[in-house]
Amino acid sequence: MPGPTKYLRRLALMAAAAAGLSLLAAPTASATPSPVDHPVPTTGCRLPSPVPAGATTLRTLTSGGLVREYTVHVPAQYRSSRPYPLVLSFHGHKRTSKYQEELSGFSAYDAISVYPQGLPGTDGESAWTGAPYSAAADDVLFTSDLLNTLQRELCVDPRRIYATGKSNGGGFVGVLACRMPGRIAAFAPVAGAFYPQGGECHPSRPAPILDFHGTADATIPYTGNPAKGLPTLPDWLAAWADRNGCFPRPIQYSPKADVTVQRWLGCSLQHYRVEGAGHVWPSTTPNNDSATPTVIDATPVIWKFLLAHRLR
């Protein structure tokens with residue numbers, strides 16, 4: 001895959017070209033597509049995989065009149081007769097799908113792992129819907145269209161589709177929890193940027209959420225940033241506890257030093273507060289975010305949480 005600068009420049013050109021073409025056959029207002037917020041049957045089982053097993057492959061689709069990119073990793077032992085869980089992992093502002101694959105590491109698991117690529121936003125850098133700097137594209141629709149494509153081509157378990165992401169990607173996962181909980185079974189934002197531009201939140205069902213955030217995050221402060229409309233993490237969590245019908249006060253424990261876990265009873269809402277961690281994807285070994293390890297690995301905790309949830 002090309003370097004981030006060339007990669008984003010190519011995306012910008014593709015988006016501009018697609019936008020120009022879309023004017024030739026613009027749909028009427030009544031035909032405007034909308035995201036699907038309910039389970040969709042998979043038709044890709046027992047079909048040959050369009051991508052090689054055990055490898056990460058760059059793919060494209062058209063959504064909202066724009067050419068969109070994503071990378072997909074199919075397990076090395078993939079069998080088209082067996083439904084697999086699917087994990088969407090969204091990169092942060094200015095990052096790429098390749099960066100997010102390396103950062104989150106879901107390609108090592110027995111799942112179809114998908115790393116969507118955001119479009120250049122108002123600052124020319126990649127971003128997702130729900131941030132003040134994001135492009136005008138509808139990334140919720142893109143996510144829905146992407147799932148449609150993946151379910152046509154691969155043997156996806158429609159009850160085990162999940163979303164996770166970092167920073168702006170984590171904030172977008174929060175948007176998806178508001179907009180698509182009827183199709184995505186569980187959500188796991190990391191260092192999420194929950195800007196007010198994400199819009200009002202009226203989920204169609206309770207959304208299982210696992211959240212990670214470091215107390216020393218200077219980019220998206222744990223205590224919020226009123227000037228940017230960013231809520232404190234306790235306020236954001238309290239709002240989800242209310243939406244999900246949880247008991248208002250969580251139970252709390254510490255599985256290891258400098259990690260506090262909060263769990264709300266009566267629903268599926270969890271929060272990992274990592275003392276002293278910055279704007280990082282927590283890892284006990286150096287990763288793309290930081291050469292300084294944290295005391296916990298987020299990915300295996302997220303994986304276990306996600307697999308505990310299925311759409312009914």
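**Salt bridges and a strand pairing**

Let me begin with Glu153, which at a relative accessible area of 23% is partly exposed; that term covers the range between buried, under 20% relative accessible area, and exposed, over 50%, with a 1.4 Å probe and protein chains only. Before I go further, please keep in mind that this is a predicted model, in which local features need a pLDDT of at least 70 and side-chain atom pairs count only at pLDDT 80 or more, while totals for chains, interfaces and linings use all residues. Residues are numbered from 1 along each chain as its sequence is written, and side-chain values use heavy atoms, with hydrogens and water left out.

On confidence, the chain has an average pLDDT of 92, and 90% of the residues score at least 70, pLDDT being the predictor's confidence in each residue on a scale from 0 to 100. The stretch of residues 1–30, however, has a pLDDT below 50, and beyond near neighbours in sequence it makes 36 contacts in the model, a contact being heavy atoms within 4.5 Å. Where pLDDT is low, the predicted coordinates should not be read in detail.

Now back to Glu153, whose salt-bridge partner is Arg59, with the closest N and O atoms 3.0 Å apart; the rule asks for a side-chain nitrogen of Lys or Arg within 4 Å of a carboxyl oxygen of Asp or Glu. Because Arg59 belongs to strand β1 (residues 56–63) and Glu153 to helix α3 (residues 139–153), this pair ties together parts that are 94 residues apart in sequence. Helices here are DSSP runs of H or I with at least four residues and strands are runs of E with at least two, numbered from the N terminus.

Arg68 and Asp139 meet through their side chains at 2.9 Å, N to O, and the pair links distant parts of the chain, with Arg68 in strand β2 (residues 66–73) and Asp139 in helix α3, 71 residues apart. Arg68 is buried, at 1% relative accessibility, and Asp139 is buried as well, at 3%.

The side chains of Arg82 and Asp110 form a salt bridge with an N to O distance of 2.4 Å. Here Arg82 sits in the loop between β2 and β3 (84–90) and Asp110 in the loop between α2 (97–104) and β4 (112–116), 28 residues apart. Arg82 is partly exposed, with a relative accessible area of 26%, and Asp110 is partly exposed too, at 37%.

My last topic is strand β12 (residues 269–274), which is mostly covered, five of its six residues being buried. Which way does strand β9 run relative to β12? Strand β9 (residues 209–214) and β12 run parallel, joined by six bridges, and Ile209 has Leu269 as its bridge partner in β12; strands count as paired if DSSP finds at least two bridges between them. Strand β11 (residues 259–264), by contrast, pairs with β12 in the antiparallel sense, over six bridges, with Arg263 standing opposite Gln270. The strands β11 and β12 form a hairpin with four residues between them, and Gly266 in that turn has a positive phi of about 85 degrees.
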